[in-house]
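Subject: Structure handover

Hello,

Here is the structure I promised to pass on. Please open it first, then read my notes below.

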Amino acid sequence: MHIHSKYSAATSEKMNIRELATYAPLKGINLLGTGDVLHPQWLKELKESLEEFSNTGFYRVRGVSSEVMFVAQTEVGTVHEVDGRARRIHHVILMPSLEVAEQLIDLLKDKGDLEADGRPIFTIHPAELVELVLEVDKWNFIFPAHAWTPWWSIFGSRGGVDSLEECYADKSHEIKALETGLSSDPEMNWRVSALDRLALLSNSDSHSPYPHRLGREANVFKLEEPSYKELIKAITEKNPEKFLMTIEVDPAYGKYHWTGHRKCGVSMPPEEAVKRGGICPVCGKPLTKGVEQRVEELADRPRGFKPQRYIPFKRLLPLSEVIAACLNLRGESKLYSGRVWEMSMKLINRFGDEYSVLLKATLEELVEVVPERIAQA
Ligand SMILES: [Zn+2]
Ligand SMILES: [Zn+2]
């Protein structure tokens, strides 16, 4: 429920509806955010290629028998000041229809450049953004994006804040969920009691349609009838019978997990960073505090704490990464290699989709298709 189209910076040219509708079923994804729905050109393409599925607020691809459904979704940035320092924060917004997205465009087009990037930036207070978003439609759903990453996030070390209230002020009560991001998992968020009332969501924030990116994190719902309102209810009620679990990558997989300096090739756990006074041993400048260290700063509970009520999660690595690692293939480009793809597709054809391969298939079933060391992994 948080991806980007080809109109966002640093995204794949292939980030279009046709590719998404092709790859999502291979992964086992039934519902995808449209990404960038406030971008006028992308919205036009969405309206041409999608049609609403029987008044549910979910959309299907016109004239294609793909099962995958889409929900109107965008990510936006706000810039506001707290204590004389600029705070830059990303928010995800879900909407009950493409028409509502159009109305929101009308309201926001004077506040920032909607055409410059799929992810627009507004110099307004986040509370004002919440107010505008809910003014258009009370079913609009807004929550902080990748909550802990150093840049552009609510609790980020560079430009974030320390509490929900410092961001959303008198509109904080309207915030009912938080995206944990690739670099944190639910367990880390459970340590901060102020977040207890929020639903913890996991999304891929994918910039490419390929199965090692799309759906690397996901939310698993069991809705009686698939519809936008049922989805929002399942999230806000945090009902474990409807919101079954989230799928997480290992937080260390996220590039902002540790504290460090990418340029200097430095990365370290929080304790060591504190010992070094937060200074980079290579260049002598302050280190960028990673997600782990920020959680440590805001946590009021010990590591390993489990709340009474929670949505469970499972850790998964994308299938192509598992296979590439087994074949001793390293590096990003190897994920596209023919052997990895061929083996992934063999497994997907046998079990239906990638999540089924990773979550449901037994070892005996897997060895029938691929070499044993891959099945074991
Ligand atoms: Zn973002
Ligand atoms: Zn994003």
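Which residue bridges the zinc ion (ligand 1) and the zinc ion (ligand 2)? Glu 75 does, and the two ions lie 3.7 Å apart. Please keep in mind that this is a predicted model.

**The metal sites**

Start with the zinc ion (ligand 1). Its protein donors are Glu 75 (OE), His 90 (ND1) and His 146 (NE2). Along the chain their spacing reads E-x14-H-x55-H. His 90 sits in strand β5 (residues 85-95). His 146 belongs to the loop between β7 (141-144) and α5 (164-168). The pair therefore ties together parts that are 56 residues apart in sequence. Both histidines, His 90 and His 146, are buried.

Now the zinc ion (ligand 2). His 2 (NE2), His 4 (NE2), Glu 75 (OE) and Asp 205 (OD) are its protein donors. Their distances to the ion run from 2.0 to 2.3 Å. The spacing here is H-x1-H-x70-E-x129-D.

His 2 has 0% relative accessibility, so His 2 counts as buried. His 4 also has 0% relative accessibility, and therefore counts as buried.

**The overall fold**

The protein chain has 14 helices and 14 strands. Its radius of gyration is 21 Å, close to the 21 Å that the globule rule gives for 377 residues, so the chain is as compact as a globular protein of that length. The C-alpha trace spans about 60 × 55 × 40 Å along its principal axes.

Of the 377 residues, 57% are buried. Take the contacts between residues at least 6 apart in sequence: 66% of them join residues at least 24 apart. The chain exposes about 16,900 Å², and carbon and sulfur atoms supply 49% of that area.

**The nonpolar cores**

The largest nonpolar core holds 63 residues. Which of them touch the most other members? They are Val 37, Phe 70, Trp 148 and Ile 154. Helix α3 (residues 98-108) gives the most to this core, with 6 residues. There is also a second, separate core of 23 residues, which includes Leu 26, Ala 324, Leu 327 and Leu 329.

Leaving aside neighbours within four places in sequence, its contacts include Ile 17, Leu 20, Leu 31 and Leu 32. Leu 50, Phe 58, Tyr 59 and Val 61 are also among them.

**Helix α9**

Is helix α9 (residues 291-298) mostly covered or mostly open? Mostly covered: 6 of its 8 residues are buried. These are Val 291, Glu 292, Gln 293, Arg 294, Val 295 and Leu 298. Their cover includes α6 (186-190), β12 (259-261) and α8 (270-275).

Back to you.

Best wishes

Technical notes
Residues are numbered from 1 along each chain as its sequence is written. Chains are lettered from A and ligands numbered from 1 in the order in which they are written. This is a predicted model: local features need pLDDT of at least 70, side-chain atom pairs count only at pLDDT 80 or more; totals for chains, interfaces and linings use all residues. Side-chain values use heavy atoms; hydrogens and water are left out. Donors are N, O and S atoms within 2.8 Å of the metal (3.2 Å for Na, K and Ca); water is not among the atoms, so sites may look incomplete. Buried means under 20% relative accessible area, exposed over 50%, partly exposed in between (1.4 Å probe, protein chains only). Helices (H or I, at least four residues) and strands (E, at least two) are DSSP runs, numbered from the N terminus. The radius of gyration is taken over C-alpha atoms; the globule rule is 2.2 Å times the number of residues to the power 0.38. Contact means heavy atoms within 4.5 Å. Accessible areas come from the Shrake-Rupley method with a 1.4 Å probe; for residues, only the protein chains shown count as cover. A nonpolar core is a set of buried Ala, Val, Leu, Ile, Met, Phe, Trp, Tyr and Cys residues joined through side-chain atoms within 4.5 Å.
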